[in-house]
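Trainee: I'd like to learn how to read a fold by eye. Could you walk me through one?

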Amino acid sequence: MLHVDQNAPVSFEMFMAMVDAGSREYALEETQAGLAEHRQYNVEYWMTLPDNARIYVRGSGEMCQLGGLDVVVGVVIDITKHYATKERLNALREILKEINQ
């Protein structure tokens with residue numbers, strides 16, 4: 001999904017560099033808050049991949065103990081199509097609301 005070499009490690013800094021500038025602060029704050037509070041975090045944001053593809057993603061994760069180390073375990077899911085469908089549905093709802101007034 002991220003269009004990077006799957007055999008190469010991706011650091012947190014490299015990952016955050018792909019998060020769009022307009023979403024980066026929000027994504028970072030939500031992630032850090034979840035980790036600091038030892039709770040699962042869920043955050044949605046825009047990313048621009050190395051091939052310049054722009055996607056909307058949902059990131060979820062939490063801090064876990066692994067062999068005495070604190071490790072972040074999480075997933076990032078491309079929800080671009082879901083987001084576009086949701087936006088279209090909201091637009092149609094607005095049109096219906098105007099018609100029914």
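Mentor: Let's go through a helix, a core and a hairpin in turn. Keep in mind that this is a predicted model.

Trainee: Fine, helix 2 then. How does the distance between its end C-alpha atoms compare with what its 16 residues should span?

Mentor: Take 1.5 Å a residue, and the helix should span 22 Å. The end C-alpha atoms of helix 2 sit 23 Å apart, which agrees.

Trainee: Which residues of helix 2 are buried?

Mentor: First the general idea: an α-helix has 3.6 residues a turn, so residues three or four places apart point the same way. Here the buried ones are Ser23, Ala27, Thr31, Gly34 and Leu35. Down the axis of helix 2, these buried residues fall within an arc of 95°, so they line one face of the helix. Over on the other side, Glu25 and Ala36 are exposed.

Trainee: And what covers the buried residues of helix 2?

Mentor: The cover includes helix 1, strand 1, strand 2 and strand 3 (69-78). Zoom in on Thr31: its relative accessible area is 8%, and since buried means under 20%, Thr31 counts as buried. Skipping neighbours within four places in sequence, Thr31 is in contact with Tyr41 and Val43.

Trainee: What does the chain do just after helix 2?

Mentor: His38 is there, with a positive phi of about 50°.

Trainee: On to the core. Which residues have the most contacts inside the largest nonpolar core?

Mentor: In soluble globular proteins, nonpolar side chains tend to be buried together. In this model the largest nonpolar core has 13 residues, and Phe15, Val19, Tyr45 and Met47 have the most contacts inside it. Helix 1 (12-18), helix 2, strand 1 (41-48) and strand 2 (54-66) each supply at least two residues of this core. Strand 1 gives the largest share, four residues.

Trainee: Which residues of strand 1 are on its covered face, and which on the uncovered one?

Mentor: In a regular strand the side chains alternate between the two faces of the sheet. For strand 1, the covered face has Tyr41, Val43, Tyr45 and Met47. Its uncovered face has Asn42, Glu44, Trp46 and Thr48.

Trainee: In what sense do strand 1 and strand 2 pair?

Mentor: They run antiparallel, over eight bridges. As one example, Trp46 has Tyr56 of strand 2 as its bridge partner. The hairpin has five residues between the two strands, and Asn52 in that hairpin takes a positive phi near 70°.

Notes:
Residues are numbered from 1 along each chain as its sequence is written. This is a predicted model: local features need pLDDT of at least 70, side-chain atom pairs count only at pLDDT 80 or more; totals for chains, interfaces and linings use all residues. Side-chain values use heavy atoms; hydrogens and water are left out. Buried means under 20% relative accessible area, exposed over 50%, partly exposed in between (1.4 Å probe, protein chains only). Contact means heavy atoms within 4.5 Å. A nonpolar core is a set of buried Ala, Val, Leu, Ile, Met, Phe, Trp, Tyr and Cys residues joined through side-chain atoms within 4.5 Å. Two strands pair if DSSP finds at least two bridges between them. The expected span of a helix is 1.5 Å times one less than its number of residues. The arc is that of the directions from the helix axis to the C-beta atoms.
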